[in-house]
Amino acid sequence: KKKSTIILEVNKVRISDPVVIANTFQDYFMSIVGAESHSDQQIDDSEPVQLIANKEFEFTDVSEERIKLIMSSIDVGKATGLDNISPFIWNQVHNEGAEPIKRLFNSIIKKCIYPQILKESIVHPIHKAGSKMQASNYRPVSVQNSLNKVIEREMYDQMDEYLGCSGLMDAYQYGFVKGKGCQDIIAKVIS
C-alpha cells in the first residue's frame, strides 16, 4: 500500500513530527474509550457474582486437529502484527505448527495467564471523513499478532458455544452473533 504522510493541526499549529502525531492519536484514542479515567478504579469483589447459567463457564483443552482447522482457515489477506509473521505463513505450516500452539493454548487456560506479547498490537489511524488534519476524524484499527488470532478464535468459539447452549444469549440478540445480522432484525421488526 502507498504510505501517506499525516499532518495534524492541534491548537491551530500544524504537526508533522511522526512521534508527536503518534502521541496525539494515542491521547485522542485513549480519551474516547476513557481508559485513563478507569485505570485507577478498583474492582469491588466483596459481593459474590450470581451466575444465571446452569453451570460456570470454563475453557476446555483444545485438540491438535482443532488448531489445524483454525490455522488452515486463517484469513491470509490480513496484515502482519508485531510478530512479523504473516497469516499466510501460519496457514502454510498448520500441520507442523498445530502441536506447539495446542500446548500453548492449553497452558494459557490452565494457568489463566495470557502472555503480554499476545496482547500487544499495532494501532493504525484510519481516516473516516472530514478534515484529515483533525485527530477526531480518524478511527483506530488494531493489527494483532497472527498467533493471537489463532488463539483468540478458539476462545471465541468456546465462549460462543457456551452462550448458545446455556440460555444466556437472548433470542433477540442480533449483534455479534453468527448467522444473524442487521438485515435479520430489520426483517423481524417489519414483519
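**Reading a predicted fold, feature by feature**

Modeller: Let us begin with one residue of this predicted model. N11 is exposed, because its relative accessible area of 72% is over the 50% cut-off.

Colleague: Where is N11 placed?

Modeller: N11 lies in the loop between β1 (8-10) and β2 (13-15). Its phi is positive, about 55°, although N11 is not a glycine. N84 is found in the loop between α3 and α4, and at 65% relative accessibility it counts as exposed.

Colleague: How many helices and strands does the protein have, and which pattern do they follow along the sequence?

Modeller: There are eight helices and four strands. Along the sequence, the pattern reads β-β-α-α-α-α-α-α-β-β-α-α. Of the 191 residues, 24% count as buried. Among contacts between residues at least 6 apart in sequence, 59% join residues at least 24 apart.

Colleague: Which element has the lowest mean pLDDT, and which the highest?

Modeller: The general idea comes first: where pLDDT is low, the predicted coordinates should not be read in detail. Here, helix α2 (residues 35-38) has the lowest mean pLDDT among the elements, 48, whereas α3 has the highest, 95. The protein as a whole averages 84, and 86% of the residues score at least 70.

Colleague: At what angle do α3 and α7 pack, and which residues meet there?

Modeller: Helix α3 (residues 64-72) and helix α7 (residues 146-166) pack at an angle of about 115°, and their axes are 10 Å apart. The crossing of α3 past α7 is right-handed. On the α3 side, R66, I67, I70 and M71 take part, and they meet V150, R153, E154 and D157 of α7. Sorted by class, this contact has four nonpolar, four charged and no polar residues.

Colleague: Which residues of the largest nonpolar core touch the most other members?

Modeller: In soluble globular proteins, nonpolar side chains tend to be buried together. In this model, the largest nonpolar core has 16 residues, of which I67, M71, I101, V150 and I151 touch the most other members. Helices α3, α5 (94-111) and α7 each supply at least two residues of this core, and the largest share, five residues, comes from α5. As for I151, leaving out residues up to four places away in sequence, it touches L104, F105, I108, Y114 and L118. A second, separate core has eight residues, including I15, I21, F25 and F29.

Colleague: Why does N91 count as buried?

Modeller: The cut-off for a buried residue is under 20% relative accessible area, and N91 is buried because its value is 14%. N91 is found in helix α4 (residues 87-92). Apart from its neighbours within four places in sequence, N91 is in contact with M71, S72, S73, I74 and V76.

Colleague: What does T80 touch, and how is its accessibility classed?

Modeller: T80 is in the loop between α3 and α4 and, at 32% relative accessibility, counts as partly exposed. Not counting residues up to four places away in sequence, T80 touches I85, S86, P87, I122 and V143. The C-alpha atoms of T80 and S146 are separated by 6.8 Å, although these residues are 66 residues apart along the chain.

Methods. Residues numbered from 1 in each chain as written. Predicted model: local features only at pLDDT ≥ 70, side-chain atom pairs only at ≥ 80, totals over all residues. Heavy atoms only, no water. Axes fitted to C-alpha atoms, helices over the stretch in contact; angles between N-to-C directions. Left-handed = near helix turned anticlockwise from the far one by under 90°. Contact = heavy atoms within 4.5 Å. Nonpolar A, V, L, I, M, F, W, Y, C, P; charged D, E, K, R; others polar. pLDDT = per-residue confidence, 0-100. Buried < 20%, exposed > 50% of the residue type's maximum accessible area, 1.4 Å probe, protein only. Core = buried A, V, L, I, M, F, W, Y, C linked by side-chain atoms within 4.5 Å.
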